[in-house]
Amino acid sequence: MVQNDADRLINYKTLADAIVRLVGMAPEEFPAAESMADHLLGFFGYQDRVIDNMLDPTDRNMFYQFQDWGLLKTISEETTLWDGREWRIHYWLLNTDKILNWTPQTNIQDGLINTIHYFKTYIIDINLDNF
């Protein structure tokens, strides 16, 4: 199946879903994932890359965390300056394939397991042998 460009767009909802899935957050933590997604996408705007030099140390640390989760990746580019020196530019990229390409069935199963765990832990004592 060929995906069109609209299917490849990442918004805060698709990124929040990926954060919940990849980090293993519980369903009740979804608002926190939305907040993280909104903050991260604020750097990218309508682009797929961010130059590393624009990040302050706190945001760079956050980007490293997102990279550890597989949501971001890095690339570098080298250019020669007019005086002959080499200059390296580092970029952060959204890992679109990792964010968008996942099996919905796995996500449904993980969500069900998290929901059962939530109810068992916080709401009622249920017998998991019935599931």
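## Strands, core and aromatic pairs

Strands S2 (residues 72–80) and S3 run antiparallel and are joined by nine bridges. The model is a predicted one. One of the contacts across the strands can be named: Ser 76 has His 90 in S3 as its bridge partner. Five residues lie between the strands of this hairpin. In the hairpin, Gly 84 takes a positive phi near 95 degrees.

**The nonpolar core**

The largest nonpolar core has 24 residues. Which of them touch the most other members? They are Leu 15, Leu 40 and Phe 63. At least two core residues each come from helix H1 (12–23), H2, H3, strand S3 (86–94) and helix H4 (96–100). H2 gives the largest share, six residues. In soluble globular proteins, nonpolar side chains tend to be buried together.

Leu 15 shows what such contacts look like. Leaving out residues up to four places away in sequence, Leu 15 touches Ile 10, Ala 37, Leu 40, Leu 41, Leu 71 and Ile 99.

**Aromatic rings**

How many aromatic pairs does the whole structure hold? A search finds five. A pair of rings is described by the distance of the centres and the angle of the planes. Two of the pairs are set out here.

| Pair | Centre distance | Plane angle | Type |
|---|---|---|---|
| Phe 44 and Phe 63 | 6.1 Å | 15 degrees | stacked |
| Phe 66 and Trp 69 | 5.4 Å | 90 degrees | edge-to-face |

Why is Phe 44 with Phe 63 called stacked? Their planes stand at 15 degrees, and planes under 30 degrees apart count as stacked. This pair links distant parts of the chain, 19 residues apart. Phe 44 belongs to helix H2 (residues 30–44) and Phe 63 to helix H3 (residues 57–68). Both Phe 44 and Phe 63 are buried.

The planes of Phe 66 and Trp 69 stand at 90 degrees, so this pair is edge-to-face. Are its members buried or exposed? Phe 66 counts as buried, at 1% relative accessibility. Trp 69 is partly exposed, with a relative accessible area of 22%.

Phe 44 and Phe 63 also belong to one aromatic cluster, together with Phe 43, Tyr 64 and Trp 92. Tyr 91 has a charged neighbour: Arg 49 lies over the face of its ring, at 5.1 Å from the ring centre.

How values were computed
Residues are numbered from 1 along each chain as its sequence is written. This is a predicted model: local features need pLDDT of at least 70, side-chain atom pairs count only at pLDDT 80 or more; totals for chains, interfaces and linings use all residues. Side-chain values use heavy atoms; hydrogens and water are left out. Rings of Phe, Tyr and Trp (its six-membered ring) pair if their centres lie within 6.5 Å; planes under 30 degrees apart count as stacked, over 60 as edge-to-face and the rest as tilted. Helices (H or I, at least four residues) and strands (E, at least two) are DSSP runs, numbered from the N terminus. Buried means under 20% relative accessible area, exposed over 50%, partly exposed in between (1.4 Å probe, protein chains only). A charge sits over a ring if NZ of Lys or CZ of Arg is within 6 Å of the ring centre and within 35 degrees of the ring normal. A nonpolar core is a set of buried Ala, Val, Leu, Ile, Met, Phe, Trp, Tyr and Cys residues joined through side-chain atoms within 4.5 Å. Contact means heavy atoms within 4.5 Å. Two strands pair if DSSP finds at least two bridges between them.
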